[in-house]
Amino acid sequence: MATSPELTEQDLHNLRQVGTTMVANAVERFNLRLRNTGFTHASVRCMFPDAPPMVGYAVTARLRTGEPPITGGTFRDRTELWKTILESPKPRVLVVQDVDTPPGRGAFLGNVHAAVLQAVGCIGCVTNGAVRELPAVRSSGVQVFAGNLVVSHAYAHIFEIGETVNVGGMEVRPGDLLHGDQNGVITIPHEIARDVPPLVSRLQEAERAVIEFCRSPSFSVEGLRQMMKPLF
């Protein structure tokens, strides 16, 4: 599991006050990773874009939905997953990599599993696979990021828990700090998590200055060039 500093509820609250795109801008400034890594690409979308930002720690799993079990008609026992979630730090986000090709033949998350996730302290679920029964899932309060929608759970079963996964181009380890909103999901390196909100405030101020300059009668390309420097 990824090592994390002891973030307080205030730290988490501060992160919830900023959008994911500005978090991405701030994370880039620390030069801890390549700028094309650490976030979901367009294959994973936010199912409830009007919800506030989601901030929580990852619990990881892998999923298959397309093939039936060797014996019996369905896969049922998910006790290990629920226990792993309960042993993970709060607030919790379940991150599920659907390894089928293509992903999303069936859905793991629907009305029942949304209720279960809420009961075990999950505030969200991120998957490259499918989800279903969105009205009921929304009412549970669980935020969802997924690749698509589907009508059936098919043969959905979790077969691996607690490993590094890749969902929508974003590599996620157990315990990683996630931030998500209508734009997508990003991982925040633990060592800079507390520093992100104040840096976002400074970047937003610089952006406002540029926007105001673009709308002013004194606009010039040379002036714009100088004002853009703090943003990149």
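Author: A residue is called buried when its relative accessible area is under 20%, exposed when that area is over 50%, and partly exposed in between, with a 1.4 Å probe and protein chains only. This is a predicted model, in which local features need pLDDT of at least 70 and side-chain atom pairs count only at pLDDT 80 or more, while totals for chains, interfaces and linings use all residues. Residues are numbered from 1 along each chain as its sequence is written, and side-chain values use heavy atoms, with hydrogens and water left out.

Reader: Is D176 buried or exposed, and where is D176 placed?

Author: D176 is buried, with a relative accessible area of 7%, and belongs to the loop between β11 (170-172) and β12 (177-181). Helices (H or I, at least four residues) and strands (E, at least two) are DSSP runs, numbered from the N terminus. A polar atom of the D176 side chain lies 2.8 Å from the backbone nitrogen of R173. A polar contact of this kind is a pair of N or O atoms within 3.5 Å; within protein, one must be able to donate a hydrogen and the other to accept it, and residues adjacent in sequence count only if both atoms are side-chain atoms.

Reader: How should I read a nonpolar core, and which residues of the largest one touch the most other members?

Author: In soluble globular proteins, nonpolar side chains tend to be buried together. A nonpolar core is a set of buried Ala, Val, Leu, Ile, Met, Phe, Trp, Tyr and Cys residues joined through side-chain atoms within 4.5 Å. The largest core here has 26 residues, of which L81, I85, L94, F108, L109, L117 and V144 touch the most other members. With contact meaning heavy atoms within 4.5 Å, and residues up to four places away in sequence not counted, I85 touches V59, R92, L94, L117, V120 and C122. A second, separate core has 19 residues, including V18, V27, L177 and A193.

Reader: Which strands make up the open sheet of three strands, and which of them stand at the edges?

Author: Strands of a sheet pair through backbone hydrogen bonds, either parallel or antiparallel. Two strands are taken as paired if DSSP finds at least two bridges between them. The open sheet of three strands has the order β4-β6-β8, with parallel pairing. At its edges stand β4 (107-109) and β8 (148-149), each with a single partner strand, so one side of each is left without a neighbour in the sheet. Two bridges in the parallel sense join β8 to strand β6 (residues 130-131), and V131 stands opposite L149 in β8.

Reader: Which way do the side chains of strand β7 point, and which partner does C46 have in β7?

Author: In a regular strand the side chains alternate between the two faces of the sheet. From strand β7 (residues 143-146), Q143 and F145 point one way while V144 and A146 point the other way, and all are buried. Strand β7 runs antiparallel to β1, to which two bridges join it, and the bridge partner of C46 is F145. Strand β5 (residues 122-127), in contrast, pairs with β7 in the parallel sense over three bridges, with G124 standing opposite Q143.

Reader: How far does helix α6 reach, and what covers its buried residues?

Author: The expected span of a helix is 1.5 Å times one less than its number of residues. Helix α6 (residues 196-214), with 19 residues, reaches 27 Å from its first C-alpha to its last, close to the 27 Å expected. Its buried residues are V196, P197, L199, V200, L203, A206, V210 and F213, and what covers them includes α1 (9-16), α2 (20-29), β13 (184-188) and α7 (221-228).

Reader: How many salt bridges does a search of the whole structure find, and which parts of the chain does the pair of R138 and D50 link?

Author: A salt bridge is a side-chain nitrogen of Lys or Arg within 4 Å of a carboxyl oxygen of Asp or Glu. A search of the whole structure finds nine salt bridges, among them one between the side chains of R16 and E9 (2.8 Å, N to O). The side chains of R138 and D50 also meet in a salt bridge (3.3 Å, N to O). That pair links distant parts of the chain, 88 residues apart, with R138 in helix α5 (residues 134-140) and D50 in the loop between β1 (45-46) and β2 (54-64). R138 counts as partly exposed at 42% relative accessibility, whereas D50 counts as exposed at 59%.
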